[in-house]
Structure formats: C-alpha cells, structure tokens
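Me: I want to go through one model and check its labels against their cut-offs. Please show it.

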Amino acid sequence: GNYSCGAACIFWWHVFCGFSKPSDAPQQKKILHIFIYWILHWFIDACSGFKFSMESDKIYNYIKIAQRIEKELGCKIHIVGGYVRDKILKLSSVDLDFVVEGDGLQVAKLFCEKLGGKLTIYKKFLTASLKLEDGFVIDVATSRKEKYPKPASMPVVEPAKLESDLLRRDFTINALALPLHASRFTLHDTIDVCGGLNDIKNKIIRVIHRRSFVDDPTRMMRA
C-alpha cells in the first residue's frame, strides 16, 4: 500500500545519503533513480485514490489461473462488470466475471478442470457459470454484441470485440474492464468506453443507450 511504498522511499533515501565518496557517484545515481521510481508510484496511487489490490488469495489465484489460460489459448481475457466496480468502491464481491475475446466456453471448461465445481453452459448466449464448492461464482462469456428482436425478449448474440461487449451492458458503472496483462491492476489500467469511472465518482447510475429499459425491463430492478 501507500505506507509500504513510503517506507521504501525512506529506506532508499537513507541508503542514498550514506554514499559520500566521489567513487560512489555511479552507484549513487542508480539508487537515486530507484528512489524517484518509488516516489512516482506512490504519488500515482495517492492521486488516484484507488489501488486494485486483490481482496483475498483465493481471488488472486483465480486471476492467475485466467492469466495462464489466456497464454495457453492465445486469447484475450478481461475482468469486467461488477467486480471492477466493487473494487473501485472498495466493496467485497461474491463473484468474478471474465469476458473472452475468443472462445469463452472453452475458457470456462478449463476453469472447471482446474477448480472443480458445477459448470453450467448457456451455449445460445455464449456464456457459462462455474459455481465452486464454497459458493463463489466465476462467470465467463465470449465477448459479444446482442440484438433484441422485440421488447423484453431474449437477445440474439454473436461474437464481437470487447468494446461492443461493453456497449451492450446495462449501466456505465458496469461497463468497465481490466486486461489480465495489466502490470499492477490500478485505476489507470481500467478500460472505460462509457464514462463509468466518472459516473462512479459522481454517484450516478446511467444507462448506456435509450432502449436499455425497453430491451430489458429488469434493469430497472438492478439499478
């Protein structure tokens, strides 16, 4: 956290000040660069007011598994939706949502092989839900776009890019994504195509498009 980063800065400053001989100048310069690096990272975290720390070793492990699957299959996997929103608000989560630019159902099956639990696949909607023995739920979906043939009907979906998937969602605050390759999982890594971060800051729940409640009236209840 910021405390640890600040403590490290103090440590390096004391080391830096301990060099006094001219022959130590190259080493002194190197340590100064490290010191500045720590200061900048501390400043970024402090200004953002948010650090995407993992709430438990369990969830961290799930994300590490997703990273290995991403590398194994050569696809792109993002953490999306409520989990990202809850981390910004510093709330705990009981589920984890992944969107896959690739075969989401294959990713879900690999999760099940590695973690066990009950896997339910909704092939028509390109989604799957894995309920683990402790009750935690991992939802995996192929990145997709959707059309509603008529109001309040089930959508017709087809694979699409991540941006299209985020734009089909209910509210801007749920249309946030984090790439698994993000180095530190901070606010600055968040993909926000709908202005959700600003809406969270201003405590606004806003639909993404005008037909949102027409397409799915249950969104009013979720709001």
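Reply: Start with the fold as a whole. Residues 24 or more positions apart make up 56% of the protein chain's contacts with a separation of 6 or more; contact means heavy atoms within 4.5 Å. This is a predicted model, with residues numbered from 1 along each chain as its sequence is written. Local features need pLDDT of at least 70, side-chain atom pairs count only at pLDDT 80 or more, totals for chains, interfaces and linings use all residues, and side-chain values use heavy atoms, with hydrogens and water left out.

Me: How many helices and strands does the protein chain have?

Reply: Nine helices and nine strands. They are DSSP runs numbered from the N terminus: helices are H or I with at least four residues, strands E with at least two.

Me: What makes Ala 66 count as buried or exposed?

Reply: Its relative accessible area is 0%. Buried means under 20%, exposed over 50%, partly exposed in between (1.4 Å probe, protein chains only). Ala 66 is therefore buried. Ala 66 sits in helix α3 and touches Ile 77, Phe 98, Phe 111 and Leu 180, leaving aside residues up to four places away in sequence. Across the protein chain, 42% of the 223 residues count as buried.

Me: Why is the pair of Tyr 62 and Phe 136 called tilted?

Reply: Rings of Phe, Tyr and Trp (its six-membered ring) pair if their centres lie within 6.5 Å; planes under 30 degrees apart are stacked, over 60 edge-to-face, the rest tilted. Here the centres are 5.4 Å apart and the planes stand at 40°, so the pair of Tyr 62 and Phe 136 is tilted. The structure holds three aromatic pairs.

Me: Where in the chain do Tyr 62 and Phe 136 lie?

Reply: Tyr 62 is in helix α3 (residues 57–73), Phe 136 in the loop between β4 (127–131) and β5 (137–142). They are 74 residues apart, so the pair links distant parts of the chain.

Me: Why is α3 called oblique to α5?

Reply: The axes of α3 and helix α5 (residues 104–115) come within 10 Å and cross at roughly 130°. Under 35 degrees is roughly parallel, over 145 roughly antiparallel, 65 to 115 roughly perpendicular, and the rest oblique. So α3 is oblique to α5.

Me: Which residues of α3 and α5 meet?

Reply: Among them, Tyr 62, Ile 65 and Ala 66 in α3, and Val 107, Leu 110 and Phe 111 in α5.

Key: Axes are lines fitted to C-alpha atoms, for helices over the stretch in contact, and angles run from 0 to 180 degrees between N-to-C directions.
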